[in-house]
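This report considers charged side-chain pairs and pocket lining. The sequence and structure are shown below.

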Amino acid sequence: MKIHSFEEIKSWQLAKDLTLSVYKLFKDNRDYGFKEQIQRASVSVMNNIAEGFERQTDKEFINFLYIAKGSAGEVRSMLYLSKELKYITNDDFENLSKSYLQVSKLLHALINSIK
């Protein structure tokens with residue numbers, strides 16, 4: 001199946017939804033450095049998928065997908081810290097962590113399908 005726009009990519013769709021969740025979850029957090037970093041990492045996932053797709057070469061797309069995958073790992077890492085700091089509940093941690101892991105798996109599968 002040919003993808004015509006980045007909006008059709010499942011990992012982008014999920015990453016966008018998760019970015020909205022991260023923004024909502026941390027909107028009242030007063031640790032501004034932490035909040036900005038997790039928000040930037042979250043946005044980076046969806047934006048790197050989009051930017052890579054728009055480059056229109058497999059090599060560049062794969063490179064940007066790896067960057068997106070790295071950013072998804074960064075968000076998961078920060079979620080551990082936010083749980084330990086009690087910025088989020090265990091349920092929020094479990095839900096977001098599992099979802100970002102799912103994004104990573106989708107990105108891995110997409111990378112392999114392009115190679």
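D17 and K16 form a salt bridge, and their closest N and O atoms are 3.2 Å apart. The pair qualifies because this separation is within the 4 Å cut-off. Side chains of opposite charge can pair when their charged atoms come close. In total, the structure holds five salt bridges.

Another salt bridge links E51 to R55, with 2.7 Å between the closest N and O atoms. Both residues belong to helix α2, which covers residues 32-55. They are four residues apart in that helix, about one turn. E51 is partly exposed at 37% relative accessibility, and R55 is partly exposed at 36%.

R55 also forms a salt bridge with E60, the closest N and O atoms here being 2.9 Å apart. E60 counts as partly exposed, at 31% relative accessibility. Through shared partners, the salt bridges join E51, R55 and E60 into one network.

## The largest pocket

The largest pocket has a volume of about 290 Å³. Which residues line the largest pocket? The lining consists of M1, K2, I3, F53, Q56, T57, D58, F61, L110, S113 and I114.

Two helices, α3 (58-84) and α4 (90-114), each supply at least two residues of this lining. The most is given by α4, with three residues.

By class, the lining of the largest pocket comprises six nonpolar, three polar and two charged residues. The lining includes K2 and D58, which count as charged because Lys and Asp belong to that class. Among the other lining residues are Q56, T57 and S113, while F53, F61 and L110 are also part of the lining.

## Summary

The predicted model holds five salt bridges. Among them are the pair of D17 with K16 and the two bridges of R55, with E51 and with E60. The largest pocket, of about 290 Å³, draws at least two lining residues from each of α3 and α4.

Methods. Residues are numbered from 1 along each chain as its sequence is written. This is a predicted model: local features need pLDDT of at least 70, side-chain atom pairs count only at pLDDT 80 or more; totals for chains, interfaces and linings use all residues. Side-chain values use heavy atoms; hydrogens and water are left out. A salt bridge is a side-chain nitrogen of Lys or Arg within 4 Å of a carboxyl oxygen of Asp or Glu. Buried means under 20% relative accessible area, exposed over 50%, partly exposed in between (1.4 Å probe, protein chains only). On a 1 Å grid over the protein atoms alone, a cavity is a set of points where a 1.4 Å probe fits but cannot get out, and a pocket is an open set with protein on both sides within 12 Å along at least five of seven lines; lining residues have an atom within 4 Å of a point. Grid points are joined across faces, edges and corners, and a volume is the space filled by probe spheres set on the points.
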